[in-house]
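Reader: I am new to this structure. Please show it first, and then take my questions in turn.

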Amino acid sequence: MALIHSHESFGTVDGPGIRYVVFLQGCPLRCKYCHNCDTWFQKDAKFVETAEETFEKIIKYKRFIRSGGVTVTGGEPLMQPEYVCELFKLCKKEGIHTAIDTSGIYLNDAVREALKVTDLVLLDYKAADPETHLELTGVPQQPILNFLAYLCEINMPMWIRHVVIPGITDKPEDLEKIASFIKTLPNVERTEILPYHTLGVYKWKQMGKPYPLEGVPPLPKEKYEMAKKIFTDKGLKID
């Protein structure tokens, strides 16, 4: 059984093509800019489903997601790796592409099993250095580096995402460091530079939580273009 926040039947930003997206409930990170803070606590799950029950929903959309596939996100989907593994096994039997959108915080035997039936990992790389990562997310960076090393070991296709936040992750030297690091990962197919926005702030207010980055403006276009140039100058494919 999985604790689920929601389903989306027509996702276009969660991997290649049109995708069915499953949002799992629960996440150990406390990212200060999180736009899905309503997925943090497993007690707030809106649905409880088996992999088979989820797949019954997915298969109804098979012809629409033929160009894409299924993405499991969250929250942190690898908090519930057994469910992800069983769901993806069902998808693979139908020839459906599978992707996990993860922070990379977990790596254990159950996660390794889930990765065996995963076609693509979308990984959010939060910060250039351990101190900023801990301050920004509330968790250490080393587990993410371990996870990335394992993905390289098994040659798992990856998309790397990085959110550029004014005054926090927009320093040219930090962007250079991240771009140089990504360049060392042989199985990264594309990199996404995501400009910080405030569209999820209302969720913090609905939950009665003070927004940690109150007053931080959306990333200016010129800063976004600067970040893109740093990454493309390293030879990275940016989308």
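## Questions on the model

Reader: Where does Gly 75 lie?
Author: The model is a predicted one. Strand S4 covers residues 69–73, and Gly 75 belongs to the loop between S4 and H2. The place asked for is therefore the S4–H2 loop.

Reader: Is the peptide bond from Gly 74 to Gly 75 cis or trans?
Author: Omega decides this, and for the bond from Gly 74 to Gly 75 omega is near 10°. With that omega, the bond is cis.

Reader: Which loop holds Asn 155, the residue with a positive phi?
Author: Asn 155 is not a glycine, although its phi is positive, about 60°. Helix H5 covers 142–153 and strand S7 covers 158–164. Asn 155 sits in the loop between H5 and S7.

Reader: Are H1 and H2 parallel, perpendicular or oblique to each other?
Author: H1 spans residues 51–59 and H2 spans residues 81–93; their axes come within 9 Å. The axes cross at roughly 40°. Angles under 35 degrees would count as roughly parallel, and 65 to 115 as roughly perpendicular. H1 and H2 are therefore oblique.

Reader: How many nonpolar residues are in the contact of H1 with H2?
Author: The crossing of H1 and H2 is right-handed. H1 brings Ala 51, Glu 52, Thr 54, Phe 55 and Ile 58 to the contact, and H2 brings Tyr 83, Glu 86, Leu 87, Leu 90 and Cys 91. Sorted by class, the contact has 1 polar and 2 charged residues, and the nonpolar ones number 7.

Reader: What is the handedness of the crossing of H6 and H8?
Author: H6 covers residues 172–183 and H8 covers residues 221–233. Their axes are 9 Å apart and pack at an angle of about 35°. The crossing of H6 and H8 is right-handed.

Reader: How many charged residues are in the contact of H6 with H8?
Author: On the H6 side are Pro 172, Leu 175, Glu 176, Ile 178, Ala 179 and Ile 182; on the H8 side are Met 226, Ala 227, Ile 230 and Phe 231. The contact has 9 nonpolar and no polar residues, and the charged count is 1.

Reader: Which domain does UniProt place at residues 13–234?
Author: The span is 36% helix and 18% strand, with its end C-alpha atoms 24 Å apart. The unreviewed UniProt entry gives residues 13–234 the name Radical SAM core.

Reader: What is the radius of gyration of the protein?
Author: The protein has 8 helices and 8 strands. For 239 residues the globule rule gives 18 Å, and the value of the protein is close to that, so the protein is as compact as a globular protein of that length. The radius of gyration is 17 Å.

Terms used. Residues numbered from 1 in each chain as written. Predicted model: local features only at pLDDT ≥ 70, side-chain atom pairs only at ≥ 80, totals over all residues. Heavy atoms only, no water. Axes fitted to C-alpha atoms, helices over the stretch in contact; angles between N-to-C directions. Helix = DSSP H or I, 4+ residues; strand = E, 2+ residues; numbered from the N terminus. Parallel < 35°, antiparallel > 145°, perpendicular 65-115°, else oblique. Left-handed = near helix turned anticlockwise from the far one by under 90°. Contact = heavy atoms within 4.5 Å. Nonpolar A, V, L, I, M, F, W, Y, C, P; charged D, E, K, R; others polar. UniProt positions renumbered as here; feature names shortened; annotations may be inferred. Rg over C-alpha atoms; globule rule 2.2 N^0.38 Å.
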